[in-house]
Amino acid sequence: KKKVNILRLREMKQQGRKITMVTAYDYAMMTQVDKADIDLVLVGDSAAMTMLGYEGTVPVDMDTMLIFNQAVSRGGKHTFLVGDMPFMSYEVSIEKAVENAGRIMKEGFMDAVKLEGGERMANTVAAIVRAGIPVMGHIGLTPQSAAQLGGFSVQGKNIDGAKQIVKDAIALENAGVFAIVLEAIPSAVAKIITAKVQVPTIGIGAGPYCDGQVLVIHDLLGLFDRFTPKFVKRYAALGEEMQKALNTFAGEVRRGEFPAREHTFTMLEENEERLIA
Ligand code: KIV
Ligand code: NA
């Protein structure tokens with residue numbers, strides 16, 4: 001597997017080759033993704049929900065994200081790794097944003113960072129890019145500002161909203177992003193943006209016209225039982241597999257079937273006899 005870079009991603013868009021991205025948060029999961037035919041990994045702040053059990057992404061902080069970044073980087077040698085900037089790590093000031101983006105690169109060993117917001121974040125994105133750090137944008141439904149949006153709902157269904165999202169995409173491209181995540185917007189809006197910008201668009205709940213698609217790995221594998229949005233497709237039922245394995249183990253232990261001979265250490269018979277004597 002050959003690791004992609006930001007030039008290759010742009011080339012893939014031009015050639016009409018779809019880009020694939022999933023999230024990952026830990027070493028074991030990342031080693032699986034690294035062997036699979038996946039172009040990009042996002043260490044998403046969705047870790048707040050999938051790994052830490054919070055209701056949304058707001059509570060997770062820089063130090064916690066860095067731990068996820070480091071674990072993923074140790075298992076992801078052949079995949080381009082994007083580190084999500086957590087809520088309040090880039091909004092307070094441009095200096096703080098650049099500093100925290102730098103930490104995600106230097107301490108988290110990521111290849112790029114991602115942050116939420118379009119026009120309103122363009123100056124911040126430009127400053128991080130000027131520092132030499134590749135930035136992925138994220139517009140449409142931006143979970144970190146769910147409270148301000150009035151919940152986790154589809155964005156850009158009305159004309160004004162749709163026009164703003166197109167403006168956001170153009171502002172991000174001008175600010176120097178290498179790709180843009182489009183979350184929970186009508187497919188017609190995603191189609192227009194994908195045609196208008198030179199950088200790849202990566203959709204989640206944004207329809208089939210994006211240059212690539214991303215899903216949260218726990219959703220894709222069937223490991224997350226809580227609320228599942230309309231745009232998620234389950235490609236496996238690993239939660240059910242885990243239940244089967246755990247209950248089989250428990251049953252075998254209770255029936256005295258595990259551990260068997262092949263899982264058990266022995267000692268020389270004479271030593272065993274002397275031990276008993
Ligand atoms: O944190 C995350 O998982 C994300 C993706 C849904 C794009 O931002
Ligand atoms: Na995120």
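What covers the buried residues of H6? The cover includes helix H5 (94-106), strand S4 (112-114), strand S5 (135-140) and H8.

Before I go on, the ground rules. This is a predicted model: local features need pLDDT of at least 70, side-chain atom pairs count only at pLDDT 80 or more, and totals for chains, interfaces and linings use all residues. Residues are numbered from 1 along each chain as its sequence is written, while chains are lettered from A and ligands numbered from 1 in the order in which they are written.

Back to H6. Helix H6 runs over residues 122-130. Helices (H or I, at least four residues) and strands (E, at least two) are DSSP runs, numbered from the N terminus. The buried residues of H6 are Ala-122, Thr-124, Val-125, Ala-127 and Ile-128. Buried means 20 or more other C-beta atoms within 10 Å of the residue's own, with C-beta atoms placed from the backbone; exposed means 12 or fewer, and partly exposed is in between. Just after H6, Gly-132 takes a positive phi of about 95°.

Now the whole chain. The protein chain has 12 helices and eight strands. It has 277 residues, and 42% of them count as buried. The C-alpha trace spans about 85 × 40 × 35 Å along its principal axes.

Next, the core. A nonpolar core is a set of buried Ala, Val, Leu, Ile, Met, Phe, Trp, Tyr and Cys residues joined through C-beta atoms within 7 Å. The largest one has 68 residues. Ala-24 and Val-113 are among those with the most contacts inside it. Helix H8 (residues 159-175) gives the most to this core, with five residues.

Take Ala-24. Leaving aside neighbours within four places in sequence, Ala-24 is in contact with Met-29, Met-30, Val-33, Val-41, Val-43, Val-72 and Ile-217. Contact means C-beta atoms, placed from the backbone, within 7 Å.

Last stop, Glu-183. An unreviewed UniProt entry annotates Glu-183 as "active site". Such annotations may be inferred rather than shown by experiment, and UniProt positions are given in the numbering used here, with feature names shortened. Glu-183 is found in strand S6 (residues 179-183). Is Glu-183 buried or exposed? Buried, because 23 other C-beta atoms lie within 10 Å. Beyond its neighbours within four places in sequence, Glu-183 is in contact with His-138, Gly-140, Leu-141, Ile-204, Gly-205 and Ala-206.

Key
Two residues are in contact if their C-beta atoms, placed from the backbone, lie within 7 Å.
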